[in-house]
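I opened this notebook to record what I looked up, one entry at a time.

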Amino acid sequence: SYLAANRRYAAALAPLLRGDDLVWVHDFHLIPLGRLLRRTGATPPLGFFLHVPFPEIAQLAALPQAAGLMQALLGYDLLGFQARRDLDAFRAAVAHWRGAAALATDGSIRCGPRRVHLARVSRATISVTAIALARPCSPARIRASRSGGTAAAPRTTTAAAGTSSRR
């Protein structure tokens, strides 16, 4: 099953992770992986990039598991979206399930004592340049954000994405 596959990924990946690693997860079928990695005790910063459009609130709310999906996404430290409309739809969903107070003025999402940072990637295809996406959310900044530290939280960022072509 879908969750069983994510559990196997988490079990296989967790023992390989170190605190200074940065984990990037790509696409909708792996949304639960971040939360499952956290349950293993993994502490590296986790980023997730969604390669498909994020649904508007009316479509998302129609899913029986919508609240769990949002909870799983908010388990990441950094979320990347392809288009402004996807980022806006995600923020609307956060406001719907967690209240408008969860939307911080710096563009991040408040999740208890930590923040989830958001990024919009322009010109994305199947691949994303993780370095460009990671710059505004370095592991040190994410750790400071998690612990309520004083490192400045980055604003929602537009990063360049790379593509490869064969010629």
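Why does G80 count as buried? I found that G80 counts as buried because its relative accessibility is 1%, where buried means under 20% relative accessible area, exposed over 50% and partly exposed in between, with a 1.4 Å probe and protein chains only.

Before going on, I note that this is a predicted model, in which local features need pLDDT of at least 70 and side-chain atom pairs count only at pLDDT 80 or more, while totals for chains, interfaces and linings use all residues. Residues are numbered from 1 along each chain as its sequence is written, and side-chain values use heavy atoms, with hydrogens and water left out.

Entry on strand β3. I placed G80 in strand β3, taking helices (H or I, at least four residues) and strands (E, at least two) as DSSP runs numbered from the N terminus. For G80 I listed contacts with F48, F49, L50 and A119, leaving aside neighbours within four places in sequence; contact means heavy atoms within 4.5 Å. From G80 to G47 the C-alpha distance is 7.7 Å, although they are 33 residues apart in sequence.

Entry on two aspartates. I located D27 in the loop between β1 (23–26) and α2 (33–39), and D86 in helix α5 (residues 84–98). D27 is buried yet has no salt bridge, and R85, the nearest side chain of opposite charge, is 13 Å away. D86 is likewise buried without a salt bridge, its nearest side chain of opposite charge being R85 at 4.3 Å. A salt bridge is a side-chain nitrogen of Lys or Arg within 4 Å of a carboxyl oxygen of Asp or Glu, and for charge Lys and Arg count as positive and Asp and Glu as negative, with His and the chain ends not counted. Setting aside residues up to four places away in sequence, D27 is in contact with F48, F49, L50, H51 and V52, whereas D86 touches P53, F54 and F81.
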